[in-house]
Amino acid sequence: MSKWWQERVVYQIYPRSFQDSNGDGIGDINGIISRLGCLKDLGVGIIWLSPVYPSPNADNGYDISDYMNIHPEYGTMKDMDRLLAEAAKCDIKIVMDLVINHTSDEHEWFEKSRQKIEPYKDYYIWKPDKKGKRPNNWTSFFAEPCWTYDEVRKEYYLHLFAKKQPDLNYHNPKVLEEVKAIMRFWLDKGVAGFRCDVINIIYKTSLEDGKKKLILTGSEHYLSQEGNHKILQELRQEVLDHYDCFTVGETVFVTPEIGKKLCDQDRRELDMIFSFEHMEADQWLVKYFHRKFNVKKFSQSIAKWQVALDWHANYLENHDQRRIVSRFSDEYYREASGKLFAVLLLSLKGTPYIYQGQEIGMTNFDYTSIDEVRDIESINVDAFLKKHHVPKFLRWKMIKETSRDNCRTPMQWSSNEHGDFTTGVPWLAVNKNHIHINVKSQLDDPQSIRSFYKKMIALRAKHDVLKYGEFEALEITHKLFVFKRTYEDTTFTVVLNISNKSLKTEYNGKVKISTRYRKQFDGLLEPYEAIILEGGKHDQ
Ligand code: TEU
Ligand code: CA
């Protein structure tokens, strides 16, 4: 039996950059409410809201100081309740971001923990120094040491991300009880589930030194540990099972084998996960070592995960990734590739996640210096490279290619000043190309990328084969990705030319949907052309 979260399309909102309603330059909840009609029109059925909780914003809300409240920058709890009610009227469900690996160092629990006030004393991972050195040799995700010495408690605390994001201690059962209370609080309000931030690293089995590695030394002690699986099972049984909701896990460094365990409907942990492998097709080891986008690697990893899991969380963009039309294509082919990626995303098996702005083909930022960047990860990396005497032009090249701010520039609603994102000064500059890339101009243009997304979303809604069909890769080359979806007696064959060259293929026939409005396909593909061929089970 299918579930509502398999039928619907998710739209991710990064609240800070979506729509400002009061002119302070920061997107907010009332801004979101004012745009619900637009999302409804697109065909969105679920919104995933990146964090809107009180936060000192060291990592834009992924450092939470109060889980059961709303940051005044974004509005009030009343506004949040209104958002839930208004969204429900549009038949849109809302999923919250659950960030429970760490809190902010300004959370009351941490303030008390550093003073050894019970019951908070062991809510975090504290260790004395090791003969004048840090407690172990682990390294963090954010290019800084992952232990920071606290002058109050006179001990080190662990943080796998920024130093303002201390990791919670899941060896203390009280911490999990707090998490359950937070989840129930939001579920009782009517949220439809959670996107669970870095959810496969919350349980640290030991704090021993790790094997020295180029990245994430120590990760063998916390990546997808048995204790982590147990926690997920407990949250499912004690909390989630009592509501009509779903969870999507952001799981880092997962393999298909671990992914299978996490999503296994008998083990009952998560409903689906985000994997990262397809996002690594333009890097060596880490994203800072950028290399030419490898279409074959990209398509192969998508195919691998499609086959491995019964249900997947499919995405091409989010608030941590760069824009696909700039990254996996050439902006010269923005229109064509924007539509091609819409075909890809919406014809894979699983729940599709669209990131704000993706539906109009927004591009990477147009900044020219690090001074315009706000992303803590970029700022830390720049400082790290500077310390190692990397020259400025090279540092900027690396940051420009990889910064998370590439996708955090404000939403481009119109060609007006600041794209109608705000009437004030935006917290992060709006891309100058909002003059020609914006929602308003695409709304009524049947040829626009947005209209194409709308059409693809409707097509997916109509055809079970796109949602539930078996996936089979037919051909993967350095330019071509062809796969087939089969459900009962229907097949859809998806033919994608992920290159700027014209290509001949052996696949041809009647076209169901095309990025070029073809009815019949003769086997010749234009640059970045995508088509879906409809056929019976025994065709091809
Ligand atoms: O991201 C986890 C994560 O793996 C990222 O830090 C990733 O390594 C990086 O963004 C790649 O550029 C989640 C959130 O999505 C991210 O925004 C947060 O900064 C992070 O967790 C900490 O909460
Ligand atoms: Ca505002």
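## Calcium site

Asp20 is buried in this predicted model. Its relative accessible area is 7%, which falls under the 20% cut-off for a buried residue. Asn22 is exposed, with a relative accessible area of 52%. That value is over the 50% cut-off for an exposed residue.

Both residues donate to the calcium ion (ligand 2). In sequence, the donor residues follow the spacing D-x1-N-x1-D-x1-I-x1-D.

Which residues come nearest to ligand 1? Of the 18 residues around it, they are Asp59, Asp197, Lys287, His319 and Asp320. The shell around ligand 1 holds nine charged, six nonpolar and three polar residues.

Several side chains place polar atoms by oxygen atoms of the ligand. For Asp59, an N or O atom of the side chain is 2.4 Å from an oxygen atom of ligand 1. For Asp197, the distance from a polar side-chain atom to a ligand oxygen atom is 2.8 Å. For Arg404, the corresponding distance is 3.0 Å. Taken alone, ligand 1 exposes 490 Å², and the protein buries 93% of that.

## Domain layout

The domain assignment divides the chain into three parts. Domain 1 is built from the segments 4-102, 174-363 and 410-458. Domain 2 covers 365-406, and domain 3 covers 470-534. The centres of domain 2 and domain 3, taken over C-alpha atoms, are 39 Å apart.

Notes. Residues numbered from 1 in each chain as written. Chains lettered and ligands numbered in written order. Predicted model: local features only at pLDDT ≥ 70, side-chain atom pairs only at ≥ 80, totals over all residues. Heavy atoms only, no water. Near = heavy atom within 4 Å. Polar contact = N/O pair within 3.5 Å; in protein donor to acceptor, adjacent residues only side chain to side chain. Areas by Shrake-Rupley, 256 points an atom, 1.4 Å probe, with all protein chains shown as cover. Nonpolar A, V, L, I, M, F, W, Y, C, P; charged D, E, K, R; others polar. Domains from an automatic or database assignment. Donors = N, O, S within 2.8 Å, 3.2 Å for Na, K, Ca; no water. Buried < 20%, exposed > 50% of the residue type's maximum accessible area, 1.4 Å probe, protein only.
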